[in-house]
Amino acid sequence: MGGNSLLGTKLVAQVCERFSINLTIKEFFYDATLSGLCACVERHLADRARMEEGTL
């Protein structure tokens, strides 16, 4: 699992930096597919938008 974990950690760090979100490695490995990652990023961005609007 070491190789996958290291690559996953690197990917999560890059996604967090690119989208300014706090994605966890646990969230990534919950559904470690491209569609799962996209859905998780979208949830984080939607949550941030709701927080900025004051509705969360």
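How many helices and how many strands does the secondary structure of this protein come to? Three helices and zero strands, where helices (H or I, at least four residues) and strands (E, at least two) are DSSP runs numbered from the N terminus. Along the sequence the pattern reads α-α-α.

Some bookkeeping before the details. This is a predicted model, in which local features need pLDDT of at least 70 and side-chain atom pairs count only at pLDDT 80 or more, while totals for chains, interfaces and linings use all residues. Residues are numbered from 1 along each chain as its sequence is written, and side-chain values use heavy atoms, with hydrogens and water left out.

Overall dimensions next. Taken along the principal axes, the C-alpha atoms fill a box of roughly 40 × 20 × 15 Å. Of the 56 residues, 21% are buried; buried means under 20% relative accessible area, exposed means over 50%, and partly exposed is in between, with a 1.4 Å probe and protein chains only. As for contacts, meaning heavy atoms within 4.5 Å, take those between residues at least 6 apart in sequence: 25% of them join residues at least 24 apart.

Now helix α3. This helix runs over residues 34-53, which is 20 residues, and spans 29 Å from first C-alpha to last, close to the 28 Å expected at 1.5 Å a residue. The expected span is 1.5 Å times one less than the number of residues. Which residues of α3 are buried? They are Gly-36, Leu-37, Cys-40, Val-41 and His-44. These residues lie on the same side of α3, because they cover an arc of only 135° around the axis; the arc is that of the directions from the helix axis to the C-beta atoms. In general, an α-helix has 3.6 residues a turn, so residues three or four places apart point the same way. On the face of α3 turned away from the buried side are the exposed residues Leu-34, Ser-35, Glu-42 and Glu-53. Just after the helix, Gly-54 has a positive phi of about 85°.

His-44 has a relative accessible area of 19% and is buried. Leaving out residues up to four places away in sequence, His-44 touches Ile-21, Asn-22, Leu-23 and Glu-27. Asp-47, also in helix α3, is partly exposed at 29% relative accessible area. Its C-alpha is separated by 19 Å from that of Asp-31, 16 residues apart along the chain.

On to α1. Val-15 is in this helix and is buried, with a relative accessible area of 9%. What does Val-15 touch, not counting residues up to four places away in sequence? Its contacts are Ser-20, Ile-21, Leu-23, Leu-37 and Val-41. Between Val-15 and Glu-42 there are 12 Å, C-alpha to C-alpha, and the two are 27 residues apart in sequence.

Ser-20 is in the loop between α1 (2-19) and α2 (25-30). Although not a glycine, Ser-20 has a positive phi of about 55°. With a relative accessible area of 54%, Ser-20 is exposed.

Then the rings. Is the aromatic pair of Phe-28 and Phe-29 stacked or edge-to-face? With 5.0 Å centre to centre and 65° between the planes, the pair is edge-to-face. The rule is that rings of Phe, Tyr and Trp (its six-membered ring) pair if their centres lie within 6.5 Å; planes under 30 degrees apart count as stacked, over 60 as edge-to-face and the rest as tilted. The structure holds one such pair. Phe-28 is buried at 11% relative accessible area, whereas Phe-29 is partly exposed at 32%. Elsewhere, the charged end of Arg-18 sits over the ring of Phe-19, 5.3 Å from its centre. That label requires NZ of Lys or CZ of Arg within 6 Å of the ring centre and within 35 degrees of the ring normal.

Last, the cysteines. A disulfide is a pair of cysteine sulfur atoms within 2.5 Å, and by this rule the count is zero. Cys-16 is in no disulfide, the nearest cysteine sulfur being that of Cys-40, 9.0 Å away. Cys-16 is buried, with a relative accessible area of 16%. Cys-38 is partly exposed, with a relative accessible area of 40%.
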